[in-house]
Structures are given as C-alpha cells and as structure tokens.
Amino acid sequence: MSLSAGWYLRRLSRMGPREIAGRTGDAVRRRRWRGEPPDAPRVSGARFTAVLPAGTLAAVPPDAAKRLVAEADRLMAGHVEYFGVVRDDLTGPDWWYDPKTGRRAPWGYAFGLPYRDEEAVGDIKQIWELSRHQYLTVLAAAYALTGDDRYAERVAEHLRDWWAANAPLRGVHWISGIELGIRLLSWVWVRRLLDGWPGAAGLFEDNPVARNQIWHHQRWLAAFPSRGSSANNHVVAEAAGQFAAACAFGWFPASARWRANALRSLERHLRSNTFRSGLNRELASEYHGLVLELGLAALAEADAAGVPVPATVRLVLLRMTDALAAVVDDRLRPPRQGDSDDGHGLVVDGGGTDRWGSLLATGEAVFGRLDWWPEVPGTDVRTPLLAALIRPYGRDTSPVPGGSPAREGRGAPAVARPAARPAHFADAGLTVLRGPAGIWCRCDGGPHGFLSIAAHAHADALSLEVRQEGVDVLADPGTYCYHGQPEWRRYFRSTLGHNTLELDGQDQSVSGGPFLWTRHARSRVLAVGTAGPDVARWSAEHDGYEGSVHRRSVELTSSTRELRVVDEVRGPRRPVRLAFHLGPSVTADLVGERAALGWSVDGEDRSAVLALPAGLSWRAHRGESGPPLGWYSPGFGRKVPATTLIGTGFTDDGPGGRFTTVLGFADRPDRGGACG
C-alpha cells in the first residue's frame with residue numbers, strides 16, 4: 001500500500017515544530033548518506049567479556065531446556081512459522097523474500113525503498129521478522145545448553161551470509177530503527193551464548209565484517225532516532241539495542257558516547273511510555289510485554305558491564321511487572337487491548353513457553369513477588385539467564401504505608417508496592433472486575449492511545465472483554481494485520497470490531513491512516529467501586545460522537561455470576577449498532593434477544609446465557625468478508641471465524657433510552673463444594 005499526499009499532510013498535522021525540525025534534519029542526513037558508507041574505525045584488542053556467570057546454564061529447568069532444543073532442531077531442519085506463514089527454507093534463507101506474497105524486496109539505497117508498498121516489496125513484516133535474528137538466539141542457546149557444535153556452526157553460517165547480503169544502508173533491513181535495535185540485542189546474546197565455542201571470537205570481535213556491521217548499526221541508531229509522535233515502543237527498542245551493543249561490544253571510539261546517550265534515551269522513554277501505575281501508555285498489552293522485555297534485557301547489559309543506571313529505570317520496570325501481575329486472568333493472559341504484532345524483545349525459549357508467565361517469573365527473580373501475585377506454573381530458559389546478570393532489586397524491611405517496600409540501592413528512597421491486587425488503573429482508565437469461577441472482565445475507559453497519532457490504538461472506547469477461566473467469552477477480536485490489507489486493518493481497529501456501541505456507522509475516533517488517528521475520542525471513568533462484598537461496579541462515558549455522549553455502566557454480581565451492561569446515548573436520535581464478539585471456541589444459539597452460549601475448559605463443558613437488549617434487531621455473523629465481520633485473530637497474520645452478535649436500531653429504541661445486556665454464567669460442575 002503506497003501512501004497518498006493526503007496521508008503525508010495528515011501525518012504532518014500531528015507533528016509539532018520540534019519534531020518537524022528534527023525530521024527535516026533526518027531528511028538532509030539521509031541525502032548525505034546516499035553515497036558509499038564509511039568503513040568502521042580500525043580497532044585492536046577487541047574482547048567480549050559480558051559472559052554468563054559460572055553455573056548459570058545449570059539453573060535452566062530441564063523441561064524448558066528440552067522445549068528449547070526441540071525448537072532448535074525444527075529450525076535446523078529448516079522449519080519456522082511467522083505470522084501464520086510456514087517456511088521450510090530456513091537452512092539457506094533468502095533475506096529479502098516474502099513467502100506470503102512470493103515477492104522479493106528490491107535492492108537499493110535503504111531510504112529510497114517503498115517498504116510500505118506490498119506490491120513493490122512484499123509484506124515487509126514477513127521480510128523483517130527473520131532478520132531480527134531471534135531464531136539465531138534460540139540456536140545459540142541450544143549450543144550453550146548442549147555443547148553441540150551443529151547449532152553454533154549454523155548460527156555462524158547464517159550471520160556471515162546475512163552480513164554479506166546486507167551491506168550497510170543497502171536494502172530493506174536498514175530502513176527501520178526498531179529492526180536494527182532488536183537485531184543488535186540478538187547479536188549480543190548470540191555472542192554471549194556461543195562463548196566457549198572455538199569460533200566465537202572469529203565470528204565477532206576478530207571479524208572485521210562483523211565489527212563493521214555492529215558499528216554501522218550503532219551509527220544508524222545514533223543518527224535516526226524515532227521522534228516526537230513516533231517515540232513509542234520503537235524508540236525503546238532502538239535505545240535498548242544501542243545500549244546493549246555499546247556495553248557488550250564497546251570496542252569503538254564512539255562507544256562511550258553511544259552508551260551514555262542510549263541510556264539517557266532509554267530512561268527518558270521508559271518513563272514517558274509508562275503510566276505511573278505501571279501500564280504501558282500505548283494501551284496495547286502486547287507492547288507492554290515488548291517494552292518490559294526490552295527494558296529487562298537492557299538492564300541485564302548494564303549490570304553485566306557494571307554501568308550504573310538511574311534508579312527510575314528499575315522503578316519503571318518494577319511497576320510494569322506489578323501491573324502485569326495485576327491485570328492477567330486465571331491463565332496468565334493479559335487484556336487483548338490495542339494492536340498486537342507478536343513482537344518480542346529477546347527470544348531464547350522453545351515453543352510452548354508462556355510469554356507472560358516467563359515475564360512474571362523474571363520479575364519474581366529480579367524484584368521479588370508480592371503475596372497477591374498469581375502463581376506461575378511453567379518454566380522458561382530466559383529467566384535464569386537474565387537473573388544471573390541483573391542485580392537483585394534490594395528490599396528494605398522498614399514499613400511503608402500503603403504497600404510493600406522496595407529500595408533501589410543504598411541511600412535510595414523506599415518504593416511502595418501495592419499491598420493488594422489493584423483492580424483499577426486510574427491513569428490508564430483500565431479496570432478489571434473479577435468474580436467467582438474465574439470470571440474476568442476488562443473495562444476500557446482510558447485515553448485513545450499514546451501521543452498525537454495514537455499509532456497502536458483501536459476505536460474501542462468503553463469496550464469490554466469477558467473471560468471465564470482464561471477462555472474468551474466476549475472477546476477483543478485482535479489485530480490481524482498492519483500493511484497490505486487496508487479493509488482488514490480498518491475492521492480490526494474499528495468501533496464495530498469491539499464490544500461497544502457504534503453510532504451512524506462511524507468509528508468513535510477518526511482514522512487518518514493505518515497508524516494514524518486524527519481525532520481521538522475522550523473517555524472518562526465516572527465511578528469504580530463495590531456495593532457490598534458481592535457487587536463490583538464500573539461506569540464511564542466518551543464524547544467520540546459529536547453532539548452525543550455514550551455512557552456505559554457495568555455491574556458484576558458474584559453470588560449470581562451475572563454481568564449486567566447498561567448503555568445509554570445522550571443526544572439526538574441516531575442509528576446505532578451494538579456489537580458483542582464471542583471467542584472462537586464459544587458456540588451461540590441466537591433466538592430473538594437471547595443467545596445460549598457454550599464452550600469447554602479442559603474437557604469440561606461451560607455455558608452462559610446472553611440476554612440482549614430489547615428494542616434492537618439482533619443477528620449473528622460469522623466469518624463474513626464482504627465487509628469483514630465475525631472474525632478473531634489469535635495472532636498476527638492469522639484469523640479464524642468467530643460469532644459476532646450485532647444489534648441494530650436507533651438510540652431511542654431501548655426502554656427508557658437504555659440498552660441492557662445481561663450475561664449470566666451457569667454454575668460449574670460440582671467439585672466437592674469449591675466455588676470459584
């Protein structure tokens with residue numbers, strides 16, 4: 001998809017003077033860099049000293065190691081899957097080939113390539129993903145755990161081939177800073193995990209080609225940081241990769257400067273990207289995970305190199321970890337809010353390893369768990385590796401009002417951690433209501449994304465997610481795609497694509513492009529609280545529709561396992577559509593205004609009844625494509641049919657001008673009297 005002149009004007013309108021000046025300087029620099037790039041400075045005596053402490057690998061749980069080696073063997077056989085596309089060419093990959101479209105990206109000066117145009121380049125995420133080299137960190141970890149040279153030799157073969165095929169500033173792999181940052185982080189861990197292999201030094205520090213690539217990656221990141229309205233998770237990845245490389249590969253005259261500047265950027269943007277409550281400001285749960293992984297990986301490099309970091313870095317990562325522990329459901333799944341592209345900061349685990357459990361396990365090892373944290377039943381490889389490098393977060397024993405104390409180093413102020421599991425994150429506008437039998441309900445009354453473009457936001461104000469025992473009952477359909485399929489991108493971001501109310505067939509916020517919103521709905525939470533020990537309540541409203549206000553109230557009654565949702569629109573009579581998206585495993589039998597729902601959990605049947613608002617005309621949709629409706633995306637690039645219930649009418653059709661929906665969960669089968 002090529003971008004129109006109108007898009008550039010809309011994008012420019014979301015920038016301030018400082019950002020425009022910075023981007024103008026970037027454009028001038030890109031023109032200057034079009035010629036032959038310089039060689040990296042000559043260095044002598046380069047050494048890699050950021051190795052794992054003795055005994056680290058012995059701490060990796062055997063089952064996690066087994067999963068990792070199984071994954072590495074699949075990679076060795078040439079098999080990998082990215083975003084729903086299976087590849088069998090990994091023994092000798094073409095670094096510019098997109099297996100989804102069959103297209104191959106053109107060669108040329110990086111900044112002159114139309115990477116957003118799928119017709120010219122292919123699906124750029126398919127091309128970029130392999131060159132993040134996170135499959136190489138898996139192979140390197142397999143070598144570290146087994147000592148089998150086959151894994152190390154394959155890593156070396158692929159790195160040498162990539163370096164030869166991707167000269168600095170030539171080709172699509174030199175366009176995006178997040179790609180360079182994550183790739184540098186992968187290279188640091190590849191070198192660390194190959195330590196002990198006889199060819200490791202010859203592959204990296206004694207190899208002028210490797211040094212040239214590492215230097216050019218850092219030169220690029222220092223020159224072209226994400227700016228202003230684009231300073232979201234991308235700038236964190238850029239800073240984390242730059243910092244990691246400047247610590248572990250600090251062989252160049254500019255290394256100290258790059259390290260200091262990257263640390264300043266990392267500290268600043270970790271703070272700016274994170275609410276004080278600990279949730280990520282993009283309000284996209286997958287990016288919360290990505291930023292937390294990147295921050296922990298950068299902290300590991302700092303402590304391994306003995307580089308002091310501001311106390312705020314650890315504090316932000318601590319708050320992010322506590323916030324993650326607070327919002328996950330019974331199966332450790334976070335909300336499916338906002339965009340998700342399956343991006344990871346550091347991959348050293350095999351298939352079947354739970355990402356969120358791994359992050360909580362690392363948080364427990366580094367920061368210490370709180371009594372209310374959920375249990376983490378699984379194991380992973382990454383936690384013992386990071387925990388071996390990161391200095392444990394000191395804990396003071398003196399009492400701190402309002403929470404459990406933690407102290408960052410000698411002389412640092414004590415930090416209060418939540419004494420009980422938070423349910424409401426006021427700054428993020430996110431509330432989680434919990435009931436018996438694993439009932440979990442996420443209510444959205446927060447800002448429309450982050451920064452002026454809100455790149456990864458969806459038009460989902462006042463939307464709900466409801467789960468029981470980790471199963472999506474009322475689901476957020478997800479993301480599915482970014483580039484190349486504009487109709488699907490619009491649908492998965494749309495108001496109709498979420499469990500909320502739409503007026504006039506329009507979104508609550510106005511889109512200016514696939515990562516650009518030109519007008520943001522403003523939401524505010526009106527009330528959060530309880531009515532005795534049995535009832536939890538939430539209400540909020542937004543002004544996304546000019547001349548009207550949509551208000552929603554939610555009430556969860558534990559004794560009856562009943563969730564009541566009341567929608568009302570204040571303003572003139574307008575066409576309305578109310579959507580409820582069911583999870584892909586939920587069946588629905590819709591008769592009039594009543595839908596009988598069914599699903600299973602670990603082989604046991606579950607059921608619920610959804611009593612839909614009177615006054616609207618209800619219809620079930622599933623797997624429709626003209627236009628898209630009735631879909632669920634379990635991961636980026638993948639979609640499966642799911643039932644969506646749509647009620648149509650007018651805003652004054654409900655009794656008293658209100659639309660009341662009641663979701664009643666059936667009692668679970670008797671388990672000896674246990675309840676919830």
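Ala 437 counts as buried, at 1% relative accessibility (buried means under 20% relative accessible area, exposed over 50% and partly exposed in between, with a 1.4 Å probe and protein chains only). Ala 437 also has a positive phi of about 60° although it is not a glycine, and its place is the loop between β6 and β7 (strands are DSSP runs of E of at least two residues and helices runs of H or I of at least four, numbered from the N terminus). The model is a predicted one, in which local features need pLDDT of at least 70 and side-chain atom pairs count only at pLDDT 80 or more, while totals for chains, interfaces and linings use all residues. Residues are numbered from 1 along each chain as its sequence is written, and side-chain values use heavy atoms, with hydrogens and water left out.

**Backbone geometry**
- Most residues other than glycine have a negative phi, and most peptide bonds are trans.
- His 133, in the loop between α5 (124–130) and α6 (134–146), has a positive phi near 60° and counts as buried at 0% relative accessibility.
- The peptide bond from Gly 626 to Pro 627 is cis, with omega near 0°, and Pro 627 belongs to the loop between β22 (624–625) and β23 (628–629).

**The sheet around β6**
- Five strands form an open sheet in the order β5-β6-β7-β8-β9, with antiparallel pairing (two strands pair if DSSP finds at least two bridges between them).
- Its edge strands, each pairing on one side only, are β5 (424–425) and β9 (471–474).
- β5 pairs with β6 (residues 430–434) in the antiparallel sense over two bridges, and Phe 425 stands opposite Leu 430 in β6.

**Nonpolar cores**
- The largest nonpolar core has 147 residues, of which Leu 194 and Phe 249 touch the most other members (a nonpolar core is a set of buried Ala, Val, Leu, Ile, Met, Phe, Trp, Tyr and Cys residues joined through side-chain atoms within 4.5 Å).
- Apart from that core lies another of 39 residues, among them Cys 443, Val 471, Trp 538 and Phe 659.

**Arg 489**
- Arg 489 is in helix α17 (residues 486–493) and counts as buried, at 3% relative accessibility.
- The side chain of Arg 489 reaches the backbone oxygen of Pro 514 at 2.7 Å.
- Leaving aside neighbours within four places in sequence, Arg 489 is in contact with residues including Asp 339, His 458, Tyr 482 and Phe 515 (contact means heavy atoms within 4.5 Å).

Terms used
Polar contact = N/O pair within 3.5 Å; in protein donor to acceptor, adjacent residues only side chain to side chain.
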